[in-house]
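Visitor: I have a structure on my screen and want to learn how to read it. Where do I begin?

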Amino acid sequence: MVGAGVMGTAVMKGLLDSKLVLPDQVWATARTQATCDKVSAKYGVRSALEFDPLVPDSGIVLIGVKPWQLEGVAARLLAAGVQPDTLLVSLVGGVTAARLDGMLRGIWVRTVPNTPCVVGHGMTAVCAGSLATTEHLELSRRIFEAVGLCEIVEETYINAITALSGSGPAYMYLVIEALVDGAVKVGLRRDMALRLATQTMLGAARMVQETGRHPASLKDDVTTPGGCTIEGLLTMEDHGIRSALARGVQEATRIVGLMGQPK
Ligand SMILES: NC(=O)c1ccc[n+]([C@@H]2O[C@H](COP(=O)([O-])OP(=O)(O)OC[C@H]3O[C@@H](n4cnc5c(N)ncnc54)[C@H](OP(=O)(O)O)[C@@H]3O)[C@@H](O)[C@H]2O)c1
């Protein structure tokens, strides 16, 4: 693991919890000793500041650094001697296949995971690099299905996916927080409101996932004629909730397109 930050450790924790890998099969590397110490203490994996000597013996290298850190990391990976059959898994946001090809050269996949990988409910999209075969995609699928769901996609969708499911947990937290604020305003205790709102979001998501029904049709089930739900919904619509969320995804997609470009 090159870059044991938020996203890297989210995937790593999920993999460890699922027992797909054991702590002694993992080397976590970071830029600072503080991160190395924290990751080793928390997850029981070995850690190091220098990933270079570990690279030739690594079957899979997960790259979880920031987009602007990738160029330097990629040059060091090449110099360190990545084995021809080592799979490089980029978690790096916004860096295109064309740039990854130029930087990484070997067998790589570009992925967009999200932080719920920590609790085994991540959503990860994977697209193949130029040398990646079906076998590498299946290996990637195994990795990310150990920490949630995984879709193999074409690169053309990756920016939109980054804005939707990569960034998505943040939008959902905001919605939960706002609903809780509303409940607190009308007198519910915050801790209780948080439990209720969280379970409601989980339940609604599972309804969409498990019934396969359209969200609008599920929404109709909750809106009794003349009732309070339709009143709540119309008030939210008056305040632009639908377009706020949709435009947010649109704008995030535009920004992803700029993120991985060379400075
Ligand atoms: N966060 C998300 O929800 C999310 C979702 C999808 C994709 N991503 C992508 O995941 C990548 C990482 O994001 P993040 O939020 O996890 O960032 P982060 O928490 O800052 O993690 C980056 C990690 O890279 C380490 N690092 C930097 N240079 C290094 C080097 N030369 N050698 C080894 N480690 C090095 C840093 O070490 P130190 O801690 O010591 O500085 C840090 O632990 C980004 O490209 C982002 O676009 C993130």
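Guide: We will take the strands and then the ligand. Keep in mind that this is a predicted model.

Visitor: How many bridges join strand E6 to strand E7?

Guide: Start with a general idea. In a regular strand the side chains alternate between the two faces of the sheet. Now the case here. Strand E6 covers residues 122-128, and strand E7 covers residues 148-152. Five bridges join E6 to E7, and the two run parallel.

Visitor: Which residue in E7 stands opposite Met123?

Guide: Leu149 does. Find that pair on your screen.

Visitor: Which helix belongs to the β-α-β unit with E6 and E7?

Guide: Helix H5, residues 134-145. Together, E6, H5 and E7 make a right-handed unit.

Visitor: Now the ligand. Which residues come nearest?

Guide: There are 24 residues around the ligand. Met7, Arg31, Thr32, Thr35 and Val65 come nearest.

Visitor: How much of the ligand's accessible area does the protein cover?

Guide: On its own, the ligand has 910 Å² of accessible area, and the protein covers 82% of that.

Visitor: Where does the ligand sit?

Guide: In the second largest pocket. Helix H1 (6-17) and helix H3 (70-80) are the elements that each give two or more residues to the shell around the ligand.

Notes: Residues are numbered from 1 along each chain as its sequence is written. This is a predicted model: local features need pLDDT of at least 70, side-chain atom pairs count only at pLDDT 80 or more; totals for chains, interfaces and linings use all residues. Side-chain values use heavy atoms; hydrogens and water are left out. Two strands pair if DSSP finds at least two bridges between them. Helices (H or I, at least four residues) and strands (E, at least two) are DSSP runs, numbered from the N terminus. A crossover is right-handed if, with the strands pointing away from the viewer, the path from the first strand over the helix to the second runs clockwise. A residue is near a molecule or strand if one of its heavy atoms lies within 4 Å of it. Accessible areas come from the Shrake-Rupley method with a 1.4 Å probe; for residues, only the protein chains shown count as cover. On a 1 Å grid over the protein atoms alone, a cavity is a set of points where a 1.4 Å probe fits but cannot get out, and a pocket is an open set with protein on both sides within 12 Å along at least five of seven lines; lining residues have an atom within 4 Å of a point. A molecule sits in a cavity or pocket if more than half of its atoms lie within 2 Å of its grid points.
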